[in-house]
Structures are given as C-alpha cells and as structure tokens.
Amino acid sequence: MKHGIHFFDRSVLTTAIQDFTAVIKEDPRNAQARLYRGRAYAKQQQYRNAIQDLAAAVHLDPSCWLAFYYRGCILRQIDPKRAVQDFSVSVLINDTQENFCSFLHRGIVYSEQCQWSLAVCDFESVLALDSSVIFAYLNIGLILLLHLDQYHEAIRQFTNAIEIDPLNVRAYVCRAQAYHKLHNLSNAVKDINRAIHLYPNKSQLCILRGQYLMELKKYELASLCIHQLAEMDEESFTSQPVQQALIQSFCQNHNKAIECLCEATATQSEPSMFVILGKIQMKAKKTKDAVRSFKKAMKLLMTSAKILPNTFEAAEMYYLTGLCYMEQKSLLQARAAFSMAIRLHSSYPDAFYQRGLCRMQLRQAKCIRDFNRALALCPSHFQAYMSRAAYYGSKGRYSKAILNCNEAIKILPNSMRAYFYRGTLKYQNKTFKAAIEDLSKTIDLSKTCILAYYNRAVCYHQIKDFRKALKDYGILLLLELSKEIAFKVLINRGLLYVELDDYANACEDFKEATLLSPDDSQIFQAIGICYHRLHEFEEAVRSFHQVLKLDPVSVNAYVGRGNSYMENGHEAGCKQAQKDFLRAIHLNPKCIKARICLGYNLQALGKLQRAWRQFTVAICIDPKCHAAYDGRASVCLQMGETFAAFQDTNAALKLTTTAPLLTNRGVINQLMGYLSYAMKDYQQAISVDPNYALAYFNAANIYFHNRQFSQAYCYYSKVLQLDPRNESAVMNRAITNTLLNNIEEAKEDFEKAVCLSPFSAAVYFNRANFYNGLKQYELAEKDISRALSIQPNDALMYKFRADIRGRLGFNKEAVEDYKQAISIQEQIDSM
C-alpha cells in the first residue's frame with residue numbers, strides 16, 4: 001500500500017494502479033486502496049473504472065468524505081444531480097477547511113444550473129473556511145454582476161479579490177464591467193488600464209478600453225486604442241480575420257482589411273464573409289468590387305432552385321448593391337436593386353427610403369410614396385422626413401416642407417442639418433424672423449457653419465437689421481471660405497453698404513470682389529457708381545472704362561461714365577459725356593435713362609431746344625416716365641415757358657408724388673407770383689419727406705418775403721439741422737436774426753457763413769450791413785472792403801462803403817467811393 005501511495009504522489013500512475021490492485025486482491029474490503037486506485041483512474045481519464053472504485057470505497061467506508069468528493073468531481077459534467085448529492089454528503093461528513101473544495105465545486109454546479117442563491121451560499125461557505133480563495137470572490141461577484149444586478153456588491157467582491165492578489169487581471173476586468181454597469185466610466189477605464197498594464201498584448205482588453213473611451217466621448221483616445229489594436233500581432237487576434245478586418249477598416253487601412261478578408265473567403269466561402277468584404281470595399285470607394293462581392297454572397301445564398309430566400313439577409317445584399325449603384329450614379333440599376341430588396345423583405349424602411357431618393361433624382365413623383373412607406377414602417381426615420389421636406393421644398397410647398405422638418409427635429413432635437421434646412425425654408429416662405437431663430441440655433445450647434453451665417457445675414461438684410469447683417473458678413477470673412485461664397489459675401493455686404501449710403505466701404509468690398517472675379521463687368525459698374533456718389537469722378541470714369549473693356553456694349557456703363565464726365569464741371573467733360581450718352585442711345589435707342597441724361601447735358605451746354613427734344617422723345621417712349629417730365633419742365637422754365645413747365649411738373653406729379661417734384665412746382669408757382677400755392681406745395685413736400693431740406697428752405701424764403709420772420713427763422717433752422725453746410729440757409733438765418741434783433745445769434749450765423757463761403761461777396765456785404773445797423777462802422781467798413789475785393793465792379797457796394805466812410809469821418813475816401821459808384825453805374829447804363 002505504501003509503495004502504491006509513493007508512486008501515486010509522484011504521478012507514476014500505472015505502477016500505482018498495479019500496486020493498489022495487488023492490495024485489493026489480497027484484501028477486497030480495503031477501502032483506502034479503492035479510493036487511491038479510483039483517483040489514479042480519474043487522472044488517467046478512465047472515468048468508468050474510477051467511479052466503480054470510488055463507489056466501492058463509499059460502500060466499504062460510508063464515512064469516507066474524499067470518496068464522495070472525488071466521485072462528485074467526476075459526475076459534475078455527466079450527472080450534475082448526483083454530483084450535488086455526493087458533494088453534499090462529503091460536506092455533511094467533513095465541513096472543515098480541509099473539505100472547502102466540496103463547497104466550491106457544489107457552488108460551481110449550482111451556478112451551471114442557474115441556482116444563483118445556492119451557489120452564492122456555497123462560495124460564501126468557502127470564504128468562511130478560507131478567506132484567501134480568490135476564485136470564490138470572483139464567482140460571487142460575477143453572479144451578482146451578471147444575474148442579480150447587484151453592481152455595488154459585485155464591485156466589493158472584486159475589490160476583495162484584488163486586495164488578496166493585486167496582479168489578478170480577471171478581477172480588474174470584472175470590476176471594470178461592474179463600474180460600466182453603474183455608468184462610472186472613469187473608474188471602468190482605470191481598471192481596464194491596470195489590466196492592460198498586466199497583459200499589454202491582450203486584444204480584448206484594448207477593445208473594451210476603446211468602447212469605454214467612446215462612451216466617455218474621448219474619441220481621439222478611443223481611436224488610438226483601435227489603432228494600437230490594428231498593430232497587434234496576437235495569435236488569438238489574427239486567428240479571427242473578420243474582427244481583424246473590421247479593426248483595420250476602422251483605422252482606414254481598407255486595403256489591409258480587404259486583403260485579410262479575401263484570404264479568409266478563399267478558405268471559408270460564406271455569404272456573411274462576402275457581405276462584410278463588400279461593405280469594406282464600399283468604404284474604400286471600390287463600389288464595382290463591392291457589387292461583385294455582394295453577387296457572390298447572393299450566389300452562395302441561393303437555394304437549389306436558384307431562388308433567393310425571402311429573408312432580411314438576402315434583402316440586405318440587394319440593398320447594399322443599390323447603394324453601390326447610387327454611388328456610381330447608375331440610378332436605374334440602383335432603383336431595381338432597392339425594388340428587389342423590398343420584394344424579398346417588404347418591411348425594409350431603408351430600402352424604401354433609398355428607392356425614394358433614386359426616384360427623386362430621376363424626377364419621378366413616386367418618390368414621395370416611398371418616403372411615406374419608409375415612415376409608416378419606421379416613424380423615427382429622420383432621413384425620410386428630411387428627404388420629404390426637400391421634395392416639398394423643391395416644389396415650392398414650403399409650409400409642408402417645414403412640417404416635415406419639425407418632425408425630424410422631434411426625432412433628433414440637436415440636428416444642425418434639420419434646423420438649417422428649416423431656416424432656409426422659412427426664408428423662402430418670407431418669415432424672416434422665424435428663419436433667423438432656426439439659423440441661430442444652427443450656429444449654436446456648430447459655430448463654424450458657413451451657410452448658416454450667410455443665410456442669417458441675408459435674413460437680417462431683408463428685415464433691415466443692418467448692424468447684425470454686417471456682423472454676420474464680417475464673421476464669415478474671418479472663416480475659411482470657398483472662392484464662390486467669399487465672392488457672394490463681399491457682393492452682399494457691398495450692396496448693404498450702398499443701402500446705408502456708406503459708399504466708401506461698399507467700394508472697398510466691391511474692389512476686393514474683383515480680385516476673386518476680375519472679369520465680372522457688373523462689379524466694376526458698381527464700383528463706378530460708388531465713386532460717383534463719393535464725388536471721386538475721375539476714379540468713377542476709370543471704373544466705367546474698365547466695364548467697357550470687359551463689355552463694350554454696356555449701355556449702363558456709357559451712361560455712368562457720361563454722368564461722371566458731366567460732374568467734372570468743365571465744357572470738355574460735358575462734350576465727352578455727350579458722346580457717351582449718344583453711344584448708349586445708339587446701342588439702345590429706347591434707353592430712357594440715356595436720353596434723360598443727354599437732355600440734361602444739352603441743357604448744361606445751353607442747347608435748350610435739343611434738350612427739350614430729348615426729354616420729349618423719352619416721354620414718347622414711356623409716357624409714364626416722371627423723370628422725363630421733370631427734366632422737360634426744367635428746360636421749359638429756363639426757356640421762360642413757365643406755364644409749360646407747370647404743366648410738365650403736374651404731369652410728373654400725376655405719375656408719382658415726391659418731395660423734389662412738389663418743391664419744383666412750388667418754385668414755378670412762386671415764379672408766377674402764386675405764393676400761397678407755392679407755400680402749399682412746399683408744405684406738402686415736407687409732409688411727403690420730412691427730411692427734404694430744399695422744401696424747408698423755399699418755404700422759409702416765402703415766410704421771409706411775407707415778413708413772417710419767426711416762422712422763417714424756424715424753417716431756416718430746420719434746413720441747417722438737415723444740411724449744416726448750407727451757406728445760403730446760414731446767411732438767410734443771419735439776416736432773419738438781425739431783423740428779429742437776435743444780435744448774438746446773428747453774429748454766430750454770419751461767422752458760420754464766412755467759414756462756409758470765405759469768397760462770397762454777398763456774405764461780407766450782408767455782415768457789413770449788420771455791423772452798420774449796430775453802428776460798428778469800423779467792422780462794417782472792413783467787411784464791405786472785403787466784399788469789394790471779391791466783387792470790385794458793384795456800384796451799390798461802393799455807395800454803401802462811401803456812406804460808412806462818411807460816418808467814420810473819412811470824407812476824402814467817401815467822395816472817391818461815390819465817384820467810383822457813379823462811374824460804374826454810367827458804364828452799366830451806357831451798355
């Protein structure tokens with residue numbers, strides 16, 4: 001017996017069995033020999049012989065707990081019920097630390113039978129007997145984690161295991177999973193990192209860390225994990241070609257992924273493998289190869305009758321094939337593929353949706369049916385709502401399109417695309433304020449959404465909120481824009497500046513736009529108009545000249561250049577302008593603007609009859625052109641035909657009521673002596689445009705003429721509020737203040753008049769008259785002398801200075817002035 005035990009302990013099992021057999025032959029009732037031989041048979045995997053010996057040992061010695069234990073271990077897989085009985089008897093006989101393994105194995109059997117509470121009790125019994133058994137902690141923790149949802153207690157059990165063995169990788173992984181269940185992702189990542197530190201080449205650990213980092217939205221770190229995984233050469237990892245291919249594909253190593261799967265499909269031709277290969281080929285933009293892969297998968301999936309089964313797997317192959325055809329712009333083939341997918345699986349919302357897109361691109365009205373069907377199958381199909389909105393938007397049914405965007409936003413409340421498209425639809429629907437709200441939400445979701453800023457700026461422009469529009473255009477120009485969008489932004493901002501009468505900034509934007517589109521004549525036309533408004537007429541001429549280089553038949557450019565020549569104020573410029581106006585008329589004889597400009601040009605050159613004829617031709621071309629009537633009225637007035645001027649102005653006023661036209665009629669009435677009618681016209685002009693300074697000025701002159709000086713003073717003051725540099729209004733108010741005895745105010749006004757018109761003899765004459773009335777003869781004599789230096793041949797001013805000098809006692813000088821006044825008057829009379 002001792003000889004057999006010696007060889008058993010040294011695992012020389014054959015010799016040990018021979019020895020134990022010899023003992024049993026001599027003493028068939030030797031329970032110990034039966035026990036040891038049964039254990040030796042078990043180690044040699046001769047389980048039938050082992051069970052016979054262990055059963056005999058139990059029969060011979062019913063208190064042999066080891067025999068029950070070892071028989072239970074053998075029966076665990078083949079007869080769990082009997083195994084539980086044997087373990088139970090074993091612990092009944094011996095429940096000390098010596099037999100804790102019976103509790104442990106019984107707990108494992110209970111776990112396999114899903115009797116979780118009994119299993120936990122047995123593992124706790126193990127720990128009560130020996131608190132250092134890590135396996136028991138792990139099993140209790142896993143049951144609590146996976147089956148009883150007691151995550152906090154599971155974490156405690158895994159922590160106990162780690163305290164006993166800080167190098168136990170499984171404990172760290174299990175605790176990480178428990179933390180993940182509690183959404184404590186930071187601690188989960190820490191435990192996975194510890195596990196990776198212990199086993200750095202374990203691919204599954206890297207996958208778990210990548211998953212947790214993705215959930216923490218640390219996408220760069222998660223991506224790094226996948227890249228590390230792709231570089232691993234672990235045997236267990238490389239033996240899984242599908243997983244390896246998917247990881248290589250994630251890392252954008254599509255060629256490696258395709259190569260890996262091609263090798264796998266050569267030995268393992270399964271439809272699913274070819275589908276995965278096709279999907280990766282799609283990612284690699286190899287759509288033709290992908291179609292071939294999907295067709296191979298279909299061929300493998302076909303039944304003996306060469307018919308595809310009506311399964312989702314078969315439908316998906318056609319669906320993916322359709323996507324490839326869409327990418328290749330083969331819309332008819334794509335539509336056929338999606339239709340086949342629907343035939344195989346009639347509840348396939350994505351197939352209906354993609355077929356709808358095909359039909360929409362093919363301009364088939366049936367597309368809306370497919371979108372409706374997709375939504376009937378999947379009411380939360382965001383893309384279907386957006387595509388249906390796009391369809392209705394393309395048909396001009398903006399309200400219905402907006403409703404679809406509303407539904408899409410209910411599904412994805414933070415969809416930048418949905419808010420942006422709804423904003424553009426509201427812009428098309430002319431609900432600009434609502435559009436601004438949606439575009440602002442888009443910008444909140446994406447601070448660099450260029451089109452959102454652009455469209456919001458356009459909306460602000462439409463509602464006349466120029467400050468905010470300028471701000472958005474400014475932000476856009478700070479972003480990285482395409483050439484096309486930058487051009488549009490500069491043009492729009494330039495037009496906005498024009499609307500604000502800020503021609504300097506408008507000009508700068510248009511000039512910058514020419515750098516992006518140097519052959520666009522319209523931009524140079526706009527620059528020319530800006531220079532004209534800025535009174536930089538030479539620059540304007542150059543801009544219009546550039547327009548004519550790019551477009552030699554541009555009528556507007558000839559008219560614009562002609563007007564710029566006219567503004568130079570010299571005769572040569574007027575003649576050059578006349579040539580441009582004539583060229584414009586030659587190019588387009590019905591161009592009213594050119595004829596009106598030519599009419600004013602001829603009027604400026606004193607050719608009144610020809611000017612009258614041009615205005616008349618313009619009226620014949622367009623009897624509703626009020627500008628032509630107004631121009632002809634001014635010519636008639638200059639020719640002394642006051643009544644004809646009055647009739648033309650009335651004709652213009654029948655077409656449109658403007659402050660300038662009413663003021664012009666007032667002037668004509670004033671010239672005809674009808675002051676009350678003139679005043680009515682001026683007052684009406686003021687009511688039409690309260691900021692039209694000329695109407696106030698003319699009305700003030702009538703008040704002054706009627707000696708209504710207080711009213712005249714008020715109206716001259718209003719003129720100066722609107723036009724502070726109007727020297728005539730300043731001087732007239734100075735005279736009015738003099739007559740009202742407002743001495744200090746009169747002095748201030750005369751000072752302003754002198755500053756505005758330092759070379760006007762009339763200003764110095766009137767101030768001299770003012771000083772004369774105040775008996776300040778020295779100042780009066782100084783001003784009248786200055787007036788005479790500017791206008792030396794005025795008899796009245798010589799007489800006035802003679803009077804002043806007489807009062808100052810300069811009799812000799814006064815006599816000389818009287819003589820000079822008489823001499824000038826005689827010369828005038830003799831002419």
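What share of the contacts in the protein chain with a separation of 6 or more comes from residues 24 or more positions apart? The legends below begin with that point.

**Figure 1. Overview of the protein chain in a predicted model.** Residues 24 or more positions apart account for 44% of the contacts with a separation of 6 or more, a contact being heavy atoms within 4.5 Å. The chain holds 49 helices and zero strands (DSSP runs, H or I of at least four residues for helices and E of at least two for strands, numbered from the N terminus). Of its 831 residues, 48% are buried, that is, under 20% relative accessible area with a 1.4 Å probe, protein chains only. Local features need pLDDT of at least 70, side-chain atom pairs count only at pLDDT 80 or more, and totals for chains, interfaces and linings use all residues. Residues are numbered from 1 along each chain as its sequence is written, and side-chain values use heavy atoms, with hydrogens and water left out.

**Figure 2. Packing of helix H9 (residues 134-146) against helix H10 (residues 151-164).** The axes, lines fitted to C-alpha atoms over the stretch in contact, lie 8 Å apart at an angle of about 160°, on a scale from 0 to 180 degrees between N-to-C directions. H9 and H10 are therefore roughly antiparallel (over 145 degrees). Residues of H9 at this contact include Ile134, Tyr137 and Leu138, and those of H10 include Tyr151, Glu153 and Phe158.

Figure 3. Thr663 is buried, with a relative accessible area of 0%. Leaving aside residues up to four places away in sequence, Thr663 touches Tyr682, Ala685, Tyr692, Leu694, Ala695 and Asn698.

Conventions: Buried means under 20% relative accessible area, exposed over 50%, partly exposed in between (1.4 Å probe, protein chains only). Angles under 35 degrees count as roughly parallel, over 145 as roughly antiparallel, 65 to 115 as roughly perpendicular and the rest as oblique.
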